[in-house]
Protein chains: 2
Amino acid sequence: MPRTLHLALHPYGVGGPGQHGLWKDPRVAKNASIDVNYYIRQAKAAEHALFDALFIVDSQFINATYPAHYLNRLEPLTLLSAVATHTRHIGLVGTASSTYNSPFNLARRFASLDHISGGRAGWNVVTSFDTGTARNYGLDEHLDYATRYARALEFVQVARGLWDSYEDDAFPADVERNLFLDPSKLHELRHEGEHFKVAGPLNLSRSPQGQPVVFQAGVSEEGRDLAARVAEGIYAPGGSLEQAQEYYADIKRRTAAHGRDPEHIKIFIHGSPVVAATDEAARRREREIFDEDNDLDRNLALLGRSFGAYDFSGHDLDAPFPDIAHLAEKGGRTAAASLIARATEERLTLRQVAESANAFRRSPFVGAPDTVADAIEHWFAAGTLDGINLAFRTDDDLELFVDGVVPLLQKRGLFRTAYAADTLRGNLGLPVPANRHTREPALAADA
Amino acid sequence: MPRTLHLALHPYGVGGPGQHGLWKDPRVAKNASIDVNYYIRQAKAAEHALFDALFIVDSQFINATYPAHYLNRLEPLTLLSAVATHTRHIGLVGTASSTYNSPFNLARRFASLDHISGGRAGWNVVTSFDTGTARNYGLDEHLDYATRYARALEFVQVARGLWDSYEDDAFPADVERNLFLDPSKLHELRHEGEHFKVAGPLNLSRSPQGQPVVFQAGVSEEGRDLAARVAEGIYAPGGSLEQAQEYYADIKRRTAAHGRDPEHIKIFIHGSPVVAATDEAARRREREIFDEDNDLDRNLALLGRSFGAYDFSGHDLDAPFPDIAHLAEKGGRTAAASLIARATEERLTLRQVAESANAFRRSPFVGAPDTVADAIEHWFAAGTLDGINLAFRTDDDLELFVDGVVPLLQKRGLFRTAYAADTLRGNLGLPVPANRHTREPALAADA
């Protein structure tokens, strides 16, 4: 089967990376990020366009300096469960922290979403970037980087163990034999690891896709290793074409080195396409969006996120970027390191770093529909991505992409013309994992 | 305003208290407890009948001996969020443990449900009855009774503090002033208590009902005290009319003693009405249900729940009930104590206790429609309840009650003929709590 492109929608609500002033656009409802009907409409539009998934990001720490869409938003699983019953095919990927959750609770919630959606749940595992999150969970200090990633790995392993508590045929519900459950098909987990002790079993059966799909966003050494071990989807950092190629090849190589099929990890990059009637109009629009969003105070606050919500107000804006690398050890270490490396290399001032930090996710997909389709085809063929996590400024921009670009991708055989399945696994081309406790029929017959 | 009756629906799925064999009824779908569409239908039927709320119970520990409806069920908030967008008026009360959750996470999930439902969320606070739950959350031992209740109180206080993070007018979203958030309306909690340290703020605004409604199910001294301090609704133990009167008066008295309006705590008892064309037919049906459900092995397993999933298989069924009171210290202490008291007093064998334990929630509401309406009116007038948490065996039984009994209650002025509000608070007659940080306009003018 030829490799095909996957598309997800990351609904921005009142803002998103590089579009933090989006709430000011008159076409954007001021309450979009807390309006379930906004998300239902987005999901339906994405499903109409045959997208693979709706992707919901998250964070659990704010202060008053944070951009609009951080300040006031719905919890991802509660949100996706509401969206589930209004859609039939589209995957529902929710972000949840392995640092500030318990495996039993979270495994159960994702399993519930998987049942409610008929097998469309995905879990984007994050370890929490904002160091301040710790203080919302009773800790004085954020767990350090290595601990967070070790915990994340064990968390996923425990969740998967819990998802296998029941074999697929555990519930004969046989009235004649008075047998609702076949007790031999229920398995305790009895996990005792470095970070978790979880006896199990889970009180929920396996869903149509066996287990929710696990996404990750590994950038650092630890993150890439975690992704290669357990992820089935990745929200990759993107960057230049060469950077994306390097990342893609590295993840596929690491995945194979762990004995896994590299086809079973789908790499998505972020894309905020700007589509217009002509290339020139699209580039003009892109410039407008950038200028409109270039708010210095807000950019400084965002920059501070990578350094534990650091307050830059005591620093001279036109002096060299201050030496605060040590503040990034616990939180967004990779993002902070790349900021500092660039500031040092290019001798940037604080003001310059703040300005450019805002633009770090500028899209390679800007232009008339055929230009954007060409760019996507080029990036796809160049081995940079299996899918794109698409974000649009407004419903009009989503429509321009869906009506203009998607048909071109379909004509070129890159993107589906109908859903192949009703589960997220099915549409992503991922196998349904066999329950670890289920013996092969042949073996059982031998026994 | 005259006191009026409140009705909630507790959907049984494949089983419930006293009806553990329900899954065998040919009219019950074997997957009801994990089928979101079953719950959506139940919620719509209850809303059509003008009920106040849908009430979802929960537990987080099972083994293979547990009854069908424990073994395989959806997580309550994920479930209720899916139900929310298919209903408009009915309250959505979900059970969640204060022992095995973090306040930030849970407060956020209930606030999300409150937004998604437009102000219809309720939280039934439980401290977890099954001692085995501890082992699903990394603990060797269940927290003891006093610790669980002290933690529950602080948990609710923290959640309410987080729900007040934003004042109601915190988001001017004023484009002219470039002001999405008014920072003076965002408040950190900075809670440091015996059980929790939570800095806040929550990243979600207040919902139409200000805060989700807090339910509790206090039976013991600690439970009653917790309810009187913080609950706005109670799922009461019921029992005989005299027992229910004593409980009702005690809770109202304790609530007043804490300086609260006793009208602002609504006491629900459980009711499994059996309605038929004649009283005789209803009593016959009740007997059938009881006999059908009288499965000794299952009753022994249920009995064991009060003693840490104790396995009675080593005991002589016809010997006196064994001396295992010490096993109940950490878990369902009150339930176990009353079982043992009765076994001792009435010199019951293990078999007899197991049989009678199954029937502990037999309904006072059995008969022809007017008999049931009379009984409800009598119990209501006698000061035993503000509401009934109704459970029905099948959709037919729900219909018999809704079509037969509800119109009689309406004719007598006991039950509403139209919803008064779109929020759970509004329909229960509970006030919207003012945000603790919001100054009275008069005071602000003085300042």
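Which strands of chain A does H3(A) lie across, and at about what angle does H3(A) run to S3(A)? In this predicted model, H3(A) lies across strand S2 (53-56) and strand S3 (91-97) of chain A. The angle to S3(A) is about 170°.

Chain A superposes on chain B by a rotation of 180°. The shift along the rotation axis is 0.0 Å, and the RMSD is 0.0 Å. This is therefore the relation of a two-fold axis. Both copies use the same surface, since 100% of the contact residues of chain A recur in chain B. Within chain A, the residue that comes closest to the rotation axis is Ala82(A). Its C-alpha lies at 2.1 Å.

In chain A, eight strands close into a barrel. Their order is S1-S2-S3-S4-S7-S8-S9-S12, and the pairing is parallel. From one strand to the next, the twist averages 30°. Strand S9 (residues 266-271) of chain A pairs with strand S12 (residues 387-390) of chain A. Four bridges link S9 and S12 of chain A, in the parallel sense. One bridge sets His270(A) against Asn389(A) in S12(A).

Chain B also holds a closed barrel of eight strands. The strands run S1-S2-S3-S4-S7-S8-S9-S12 with parallel pairing. Gly271(B) stands opposite Leu390(B) in S12(B). Helix H6 (residues 145-163) of chain B packs on the sheet. H6 touches strand S4 (121-126) and strand S7 (213-216) of chain B. The direction of H6 makes about 155° with that of S4(B).

Helix packing between the chains involves H3(A). Helix H3 (residues 76-84) of chain A packs with helix H4 (residues 103-116) of chain B. Their axes are 8 Å apart, at an angle of about 35°. The crossing of H3(A) and H4(B) is right-handed. From H3(A), the contact takes in Pro76(A), Thr78(A), Leu79(A) and Ala82(A). From H4(B), Arg108(B), Arg109(B), Ser112(B), Leu113(B) and Ile116(B) take part. By class, the contact of H3(A) with H4(B) has five nonpolar, two polar and two charged residues. Ala82(A), a member of this contact, is also the residue of chain A closest to the rotation axis.

Within chain B, H3 packs with H1. The axes of helix H1 (residues 36-48) and helix H3 (residues 76-84) of chain B come within 9 Å. The two axes cross at roughly 55°. H1(B) and H3(B) are therefore oblique to each other. Their crossing is right-handed. In H1(B), the contact residues are Val36(B), Tyr39(B), Ile40(B) and Ala43(B). These meet Leu79(B), Ala82(B) and Val83(B) in H3(B). The contact of H1(B) with H3(B) has seven nonpolar residues, with no polar and no charged ones.

Helix H7 (residues 221-230) and helix H8 (residues 241-257) of chain B have axes that come within 8 Å. The crossing angle is roughly 55°. H7(B) is therefore oblique to H8(B). The crossing of H7(B) and H8(B) is right-handed. H7(B) contributes Glu221(B), Arg224(B), Asp225(B), Ala227(B) and Ala228(B). H8(B) contributes Glu246(B), Tyr247(B), Asp250(B), Ile251(B), Arg254(B) and Thr255(B). The contact of H7(B) with H8(B) divides into four nonpolar, one polar and six charged residues.

A cis peptide bond joins Gly200(A) and Pro201(A), with omega about 0°. Pro201(A) sits in the loop between strand S6 (197-198) and strand S7 (213-216) of chain A. In chain B, a cis peptide bond joins Gly200(B) and Pro201(B), with omega about -5°. Pro201(B) lies in the loop between strand S6 (197-198) and S7 of chain B. Ala173(B) is not a glycine, yet has a positive phi of about 45°. Ala173(B) is found in the loop between H6 and strand S5 (191-192) of chain B.

How values were computed. Residues are numbered from 1 along each chain as its sequence is written. Chains are lettered from A and ligands numbered from 1 in the order in which they are written. This is a predicted model: local features need pLDDT of at least 70, side-chain atom pairs count only at pLDDT 80 or more; totals for chains, interfaces and linings use all residues. Side-chain values use heavy atoms; hydrogens and water are left out. Copies are superposed by least squares on the C-alpha atoms of residues with pLDDT of at least 70 in both. Contact means heavy atoms within 4.5 Å. Two strands pair if DSSP finds at least two bridges between them. Helices (H or I, at least four residues) and strands (E, at least two) are DSSP runs, numbered from the N terminus. Axes are lines fitted to C-alpha atoms, for helices over the stretch in contact, and angles run from 0 to 180 degrees between N-to-C directions. Angles under 35 degrees count as roughly parallel, over 145 as roughly antiparallel, 65 to 115 as roughly perpendicular and the rest as oblique. A crossing is left-handed if the near helix is turned anticlockwise from the far one by less than a right angle, and right-handed if clockwise. Ala, Val, Leu, Ile, Met, Phe, Trp, Tyr, Cys and Pro count as nonpolar, Asp, Glu, Lys and Arg as charged, and the others, Gly among them, as polar.
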